[in-house]
Amino acid sequence: MGIPFLILCSQSPGIAEEPVSFSRDILPILSDRCFHCHGPDPSHRKADLRLDLEEETKRTSDGVNILAPGSLENSELWYRIITDEEDDLMPPPDSHRKPLSESERDLIRRWIEDGAPWGNHWAFEKPERPELPSDATHPVDAFIQQRLAEENLAPSPPAPDHIQRRRLSFALTGLPPATTMTSEESDWNAIVNQLLDSPHHAERLAMWWLDAARYSDTDGYQGDRERTNWPWRDWVIDAFSRNLPFDQFTIEQFAGDLLPDATPEQILATCFHRNHMTNGEGGRHPEESRIDYVIDRVNTTGTVWLGLTLGCSQCHDHKFDPISQEDYYSLFAFFNQIDETGAAGTKAKPYLAYQSPFAQPAVEETEKWYIQSQVLSKEAKARASEKFEPWLTRIRAQLPKGYEAWKALRPSAMQSAEGTEFAAEADGTIQTAGPFPRQDDYRISYNDLGDLSRVAGWKLEVFPHESHTHGQLSRGEKGEFILTNVKLLISKRGESQVREIEMRGAIADAQLDVKGRNYGKVGDTLDDDPRNGWTTKLEETPEARVAIFELLEPLDLHPDETLTFVLLHRSTLGDANIGRFRISATDQRGETVRSLKPAPLEELASLTGEIPGDLKNRLIEQFLLDDEEYQAIRDNAVQAQRQLNEFRKAAGKLNVQVLGKRKEPRETHILERGVWDAKGELVKASVPGAVLPLPNSENLDRLDLAKWLVSPENPLTARVVANHLWQIVFGEGLVRTPEDFGLQGEAPTHPELLDWLAVELVENDWDIRHILRLLVTSETFRQSSDTSPELRERDPENRLLARAPRFRLPSWMIRDNALAASGLLNPMVGGPPVKPWQPEGVWKEIFMGGKTYVPSVGPAQYRRTVYAYWRRSSAPTFLFDSAQRRVCEVSTNRTNTPLHALTLMNDTTMLEASRVLAKQAVDSESPMQDLAKRVLSRKLETDEANVVLREQKKALDYYRSHPQEAARFTTIGQQSAPDSKEAAEVASWMTVASLLLNLDEAMTHE
């Protein structure tokens, strides 16, 4: 058939066109519009046509030239993209692919007319070092300014000195300049070298690597058990601190165990490929889990080193890149020889028994804090005890004869979720009747608690009754009850908001001693899990049962508040709802709610003579529970003891997950459709030939794979790493899809610069610091970030870099900045993970009360975020933009969500840093400017200072008239409280410090 000849865009005489590049201009179009149906994947290929191979594209099919170089008339491909015939048009209208634009058609036209020269995707061709202009003063600036000149743009002038220093310090260390450099140093190169030699630089790079390595302190999945892989995290920091060449850095993490005479540290390095999640859920076949782990390692290798979406080849040939399913499982074969079974938890071998040299300093630091906290606790107890005798005299005079600590409550409302009927008796006892559902929730409310003004605990009595089965405790078939959970809710009458009151513990006079998740123990009623709970063993003679529940903190009551007790009977066995019960409450703390014996005050009320020594000691302990100052200091000492025990254990030998070669090799099969047990053809360990073929492909192991990755001939790795380093410094990579250098990824904004940096990295022995030094000594890095409407319109995403990038600092850096600016930052390097402040109950819902987050105390609280404990099911709440650490992530996440602002205004770390800054301001001769210097690295202008001073005076007036609020505000965190006379002033400057820390300037890479 005839093919119409159509020229869409005629070129005006005298105007030269840039030659069409197949790699840059044509291949991305074919990949995006054609390869889905006519690409590498045979399972989706249509019309037996491949457009990813030159010989297939330029062949003749049924007498028709698919592509005739130099001839539009004879090219079926050209006809298909310009035709008006809907049935012939490509891509088809129903393919959901974007139609070709006029400019894209013109590129294809010119390419065909030029003879349709072929080539590889740019990323699969070995980078060659481009020549620099003879007058180039800096390689980075040469390429950036050359591109700007082509666009008739000019670079911006240098940024102000304080911005340059701040930008540099955050880029290389993640900390503000006041912490990392001296203001006296003026030589830029000297400043750069000072920062690169800092241990904080290694910690900053470690945050990049931990995200890529999906590092976490727990296994993930539902159980999310703890693991002790943190010594590997410290290995990473140490490697960056030693400036270990990246090729050796790679080799040791892939195959440290295979090196001759491997050291423990080289074996430890292989933990990189054990940082994946491990699945210990019941009913799952261990081999399925093991296959998942191997797949994770292949995909992570593809993302971090090759910048390829290898995971797209798990189920079929890659639809866009020249990576076949056989290539994928050939890479899989390298990791298929690990001596692992797919088990999780403590059985997730292989392990390395390793004693970290970084743990002992943490132990010694905590020992000092513990000793100090013990001294403070004794002193506080002595002060509190001085008030005991007057209290005892007063309370004894007030106690009526026959005093009872527990008050039976009379319900104001009784509700059943499933229809059970209730009848309340005069003494508060409640009898059930009517329908008996298999499961039920009882909601019993109380408006009037008599003379109780607070509740410290409540008591549940379960009674037998003649209407129950065999006169026992329930109307169920066996007469026994199973209480799965209890809740205490408080609400204000007339309002819809309901607050749940947390409980500390529970005891009972009888319970079944069971193991694991089963019905028996009363403490299990506090965990929200219906698979366990409280039950007892029935006696021949029915007996009443008693349980006591202690509140986490006493609840002060107001007359218009209602308490609602919820008794949940949701057992999987069913047919075991409580039949008759009564609820009582007490305002007494300590032994009263922790024992079934008579309360100390009950015993005191029954005495007429001298108080026995034992009872007096019990009364002292109860009295001290209500001394808030002593309890806060004592709790700190108890937590210091717990933390010291944890760190001492961490200083011993730990089991770290590492790689180890299996004695008997496994066969590796292509897994059909990626299904773990659908074994297809056998494959052997090998590498994708489209990237870089290996001449000798027999008996390859992980060491061969690692050496292949960092071979100077590998076209991808050096480019990918150079791009990561550019992203660290400039916020976005030269390739803005760092995880995808393939055909569906973005092309580099400055391809020659990327190639120059890649070659420079390899030829300088993979020296990461050398590349970073090059980047931050460029004028491009040091220029101003100020922009104009015209520049924003020309280059809204700043791809040309006519100005310095401006972006939100990552949230971990914002936290570290607050600690550093206030002087709270603990500079210790390495050691066991620590737990920064987080909201109370942060783990409660995820683990149904089974795990509790306890913040670290002492100097450990002020460690850098890189050492923060990372639970996969609940990552640190102050990290809004962090990687999830479930799979490998290398892209930058940024957010300005209102929740982020809410956290920065209310997070304990931020407020404690503000409090320390405020105290420093109060003690300063120039508080306002000192604050600004610490937080913003500059002094305030006059108009800015006026605003700050206005806000400080407003806050000071408020706190002087609200001294209790001032006291509360200035005791946030664990620093000692200010003198009551200066609390209002500290609170006012604390408001200002918080305001400055929340300024856009304080949290932005300017």
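Let's start with S373, which counts as buried because its relative accessibility is 3%; buried means under 20% relative accessible area, exposed means over 50%, and partly exposed is in between, worked out with a 1.4 Å probe on protein chains only. Before going on, keep in mind that this is a predicted model, where local features need pLDDT of at least 70, side-chain atom pairs count only at pLDDT 80 or more, and totals for chains, interfaces and linings use all residues. Residues are numbered from 1 along each chain as its sequence is written, and side-chain values use heavy atoms, with hydrogens and water left out.

Back to S373. You'll find S373 in helix 16, which covers residues 359-385. Helices here are DSSP runs of H or I with at least four residues, strands are runs of E with at least two, and both are numbered from the N terminus. What does S373 touch, not counting residues up to four places away in sequence? The residues are N636, A637 and A640, where contact means heavy atoms within 4.5 Å.

Now zoom out. The protein chain has 33 helices and 22 strands, and its C-alpha atoms fill a box of roughly 115 × 75 × 65 Å along the principal axes. Of the 1006 residues in the chain, 55% are buried. If you take the contacts between residues at least 6 apart in sequence, 72% of them join residues at least 24 apart. The chain is divided into domain 1 (16-120), domain 2 (141-197 + 716-741 + 748-807), domain 3 (359-387 + 629-651), domain 4 (412-598) and domain 5 (906-1005), with bounds that come from an automatic or database domain assignment. The C-alpha centres of domain 3 and domain 5 lie 29 Å apart.

Next stop, helix 1 (residues 22-33). Why is helix 1 described as largely enclosed by the rest of the structure? Because 9 of its 12 residues are buried. Among them are F22, I26 and L30. The cover over the buried residues of helix 1 includes helix 2 (35-38) and helix 5 (102-113).

How about the rings? There are 37 aromatic pairs in the structure. Rings of Phe, Tyr and Trp (its six-membered ring) pair if their centres lie within 6.5 Å; planes under 30 degrees apart count as stacked, over 60 as edge-to-face and the rest as tilted. W111 and W118 make a tilted pair, 6.0 Å centre to centre with 50 degrees between the planes. W111 is buried, at a relative accessible area of 2%, whereas W118 counts as partly exposed at 22%. Y329 and F332 are also tilted, because their ring centres are 5.3 Å apart and their planes meet at 50 degrees. Both of these residues are buried, and both lie in helix 15 (residues 325-335), 3 residues apart, about one turn of the helix.

Helix 15 also holds Q325, which is buried at 13% relative accessibility. Leaving aside neighbours within four places in sequence, Q325 is in contact with several residues, including S313, H316, I670 and G674. A polar atom of the Q325 side chain lies 3.3 Å from the backbone oxygen of C315. Q325 and D41 are 284 residues apart in sequence, yet 9.0 Å apart in space, C-alpha to C-alpha.

How many disulfides are there? The count is 0, with a disulfide being a pair of cysteine sulfur atoms within 2.5 Å. For C315, the nearest cysteine sulfur is that of C312, 9.5 Å away. C315 counts as partly exposed, at 37% relative accessibility.

Finally, look at S785, in the loop between helix 25 (779-782) and helix 26 (789-794). S785 is buried, with a relative accessible area of 11%, and its contacts beyond four places in sequence include R167 and E1006. R167 itself lies over the face of F781, 5.9 Å from the ring centre; a charge sits over a ring if NZ of Lys or CZ of Arg is within 6 Å of the ring centre and within 35 degrees of the ring normal. R885 lies over the face of W870, at 3.8 Å from the ring centre.

Methods. A polar contact is a pair of N or O atoms within 3.5 Å; within protein, one must be able to donate a hydrogen and the other to accept it, and residues adjacent in sequence count only if both atoms are side-chain atoms.
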